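Hi there,

Here is the structure I promised to pass on to you. Have a look at it first, and then read my notes below with the viewer open.

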Amino acid sequence: MKKYVGLLSAAGIAGLVSVGSAHAEGQVEVLHWWTSGGEAKAVGELKSAFEAEGGVWIDSPIAGGGGDAAMTALRARVVAGNPPTAVQLKGPGIQEWADQGALNDVQDVASAENWDAVLPPVLAAIMKYDGKYVAAPVNIHRVDWLWGNPQALKTAGIEAMPTTWDEFNAAADKLLAAGIIPLAHGGQPWQDATLFEDVVLGVGGADFYRKALVELDQAALTSDTMVKSFDQLRKLRGYLDPNFSGRDWNLATAMVMRGEAAFQIMGDWAKGEFLAAGKVPGTDFLCAPTPGDGYVLNSDSFTFFKVKGDENLKGQQVLARLIMSPGFQETFNLAKGSIPARTDVLLDKFDDCAKRSHEDLLAAIKDNTLVPSMAHEMAIPRSVRGEFLDLVTQFFNSDMSSEEAATKLADAVLRAQ
Amino acid sequence: MVKEGNNAKRLRQALEQRLPQIVVAPLFAASMFFVYGFIGWTAYISLTKSGVMPDYTLTGIGQYVRLWSTPRWYVAIGNLFIFSSLFIAIALAIGVLLAVLLDQRVRAEGVIRTIYLYPMALSFIVTGTVWKWMLNPGLGLERLVRQAGWENFRFDWLVNSDYAIYTVVIAAVWQSSGYAMALFLAGLRSVDDEVLRAAAIDGAGPWRTYTGIILPILRPVFLSTVIILAHLAIKSFDLVIALTGGGPGYATDVPATFMYSFAFQRSELGVAAASATMMLMTVVAIIVPYLYSELRKTGR
């Protein structure tokens, strides 16, 4: 309750500020939870770009719980009828809020700037409600990355990064024999689910992935392919050190850096850790897609809430235009380690892994193998995602059979829908 | 004049009589609203289809059906029962034992008492974090014993789904048994010396004195200790979050962490409200009859 009162008074102060400073280019209040290192720097880029246009930026960072605290604050603000201008909110969460009638569209800006032409269609669909843009993406993270330590691989006599799961298993067995932990992993539900979705993509292909993890087709969820995916996940479980439970992802990345472990399967935010430690892609660490054809997409976006008053609306439009401007997309993503959401931004200043990500993205759009991430809240509502996470992590931490896992998963999904 | 004087006097008398009520009223109203009002609100939400935002259309008991068909809820409830029964029983037993031993007029009692009581001064977050490190097989106890030469020593309860809940019991017992000891020690000191002397004259040994006379006298202390430990057990959230994070998987989930994750991580306010209501019902069902029978027996 105390928190709520605090929010109300904060809102009151925000109101006073808006009366005090009338600006030509509007004002925005941005609610986000990018408070650490590179992330905070990335938001700083957006702030200075907005202020350069003469607008007023009110920063509302709410750290903690991977955005849970921010979502709680958001709920209170919307109930009180005083939402922030833009919120760091992604995936089907956008649709949930839009269903509540809580969002403004920025279709005017989107049409004028021709967003449809530059965004991957899969991503554009997530940003729209009723055919109109209600959110703007700032970046694209690839989830299906396999990170490797070249020295560790060399010690075990492995020449190239594996391109099929069979190759991966063979390599992992060699590493085990050489006394190196094959796969660094942190036993947290979202990390388990990250492994799971990358395995599903590799074993079943993009079409199967879409059927099972996006459309939630019951037949696909109980199919043999799903059972095979669980079999492979079970194999991966055997390649971990016994101490993985509850470990944070960046500690797992550090294991690969130090050569204690050879591989890690994680999105490209892991690259930020390598780069921050002064490692060079290609020599100190290797990046390759996880086995299989496709591209698992994760994207951060700002969603525009229903604010009132010319000042705020103006600010919202300016912010939308800025977020999608090529210049901002470049600086932001250089700071955050991802790649621009606009596919037409040149990547000259980016590292090799980012360039690879961009090429693969274009190829995946062309071959229709671009899929939204389930584990990172891009594909399905949070309630259904929660059931996936529960089941996958339970499978991972018990001796449940693959058949049983597939059946239970299908039941759980049905229950949550 | 006389009439007015009478009126004023009557008014003052009435005011004096009502003053306690008037003073208490705002506080009463506030707690009615903020405690019972929100309990009512939660119960109401549990009967709606609320997802990311509260939705006030009543839809019946669908959320309860959903809750009771979720395997994770059964794990949470099972854990709560394992945890609270073991935690209360062990903390009570250790508390009584330590209190009785300390009661033997030992030297430096003050120092020892402080040492045993000290864990209570830590928050559960600190306890959880410290025990997480100590029980971690790669950092703590297991590694230590292995380095000391016992290569095959295994103590991996923290990362084992089947045993992780017992690590929560260990940490909680470590934290709270000193407190139980303090309560019992205070109780032991308040036992009338006359009674003990009478027992000694009748030839009762120490064992018989404690089991037959002193512990039964301490019955009210048992009641308050059990209630304090029980509410610690039921609201245990921080300890689980700090020690295991509910893991491995969701093996150490308790109803409080279940509710948190459904309300704030999954946008399922309805299911979360239903689980909160179930928690309340369970507490009411256990505590109320117990309080009733105990209070009637002691004649208060």
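Let's begin at A:I323. Leaving aside residues up to four places away in sequence, A:I323 touches A:A136, A:V138, A:F302 and A:F328. Keep in mind as you look that this is a predicted model.

A:I323 also belongs to the largest nonpolar core, which has 131 residues. Together with A:W147, A:L183, A:A261, A:F263 and A:L297, A:I323 is among the residues that touch the most other members of that core. Which helix gives the most to this core? That is α10 of chain A (residues 189–214), with 10 residues. The core draws at least three residues from each of domain 1 and domain 2 of chain A. A second, separate core has 56 residues, including B:A180, B:L185, B:V221 and B:A251. As background, nonpolar side chains in soluble globular proteins tend to be buried together.

**The domains**

In chain A, domain 1 covers 25–141 + 300–355, while domain 2 covers 142–297 + 367–416. Their C-alpha centres lie 28 Å apart. Where they meet, 17 residues of domain 1 of chain A are in contact with 19 residues of domain 2 of chain A. On the domain 1 side, the elements giving two or more residues are α4, α7 (121–127) and α17 (352–367) of chain A. That side divides into 7 nonpolar, 6 polar and 4 charged residues.

Chain B is assigned a domain 1 (1–45) and a domain 2 (62–297). The C-alpha centres of these two domains of chain B lie 40 Å apart. Here 4 residues of domain 1 of chain B are in contact with 6 residues of domain 2 of chain B. On the domain 1 side of chain B, the residues are 3 nonpolar, 1 polar and no charged.

**A sheet in chain A**

Next, find the open sheet of 3 strands in chain A, which runs in the order β7-β12-β14 with mixed pairing. Strands of a sheet pair through backbone hydrogen bonds, either parallel or antiparallel. By contrast, β12(A) and β14(A) (residues 370–372) run parallel and are joined by 3 bridges. There, A:Y295 has A:L370 in β14(A) as its bridge partner.

Are the faces of β12(A) (residues 295–298) covered or open? Both are covered. A:Y295 and A:L297 are buried on one side, and A:V296 and A:N298 are buried on the other. You have met A:L297 already, as one of the residues with the most contacts to other members of the largest nonpolar core.

**A tryptophan to click on**

A:W145 is found in strand β8 of chain A (residues 145–148). Is A:W145 buried or exposed? It is buried, because 24 other C-beta atoms lie within 10 Å, and the cut-off for buried is 20 or more. Not counting residues up to four places away in sequence, A:W145 touches A:M266, A:G267, A:D268, A:A270, A:C287, A:P289 and A:T290. Take A:C287: 142 residues separate it from A:W145 in sequence, but their C-alpha atoms are 6.7 Å apart in space.

In α4(A), the buried residues are A:P92, A:G93, A:I94, A:W97 and A:A98. What covers them includes α7, β4 (128–129), β6 (135–137), β13 (301–304) and α18 of chain A. Just after α4(A), A:G101 takes a positive phi of about 70°.

Finally, the contact between the chains takes 23 residues from chain A and 25 residues from chain B. On the chain A side, α3 (68–79), α4 (92–99) and α18 (382–396) each give two or more residues. Of these, α18(A) gives the most, with 7 residues. By class, the chain A side has 5 nonpolar, 12 polar and 6 charged residues.

Enjoy exploring!

Methods: Residues numbered from 1 in each chain as written. Chains lettered and ligands numbered in written order. Predicted model: local features only at pLDDT ≥ 70, side-chain atom pairs only at ≥ 80, totals over all residues. Buried ≥ 20, exposed ≤ 12 C-beta atoms within 10 Å, placed from the backbone. Helix = DSSP H or I, 4+ residues; strand = E, 2+ residues; numbered from the N terminus. Pairing = 2+ DSSP bridges. Contact = placed C-beta atoms within 7 Å. Nonpolar A, V, L, I, M, F, W, Y, C, P; charged D, E, K, R; others polar. Domains from an automatic or database assignment. Core = buried A, V, L, I, M, F, W, Y, C linked by C-beta atoms within 7 Å.
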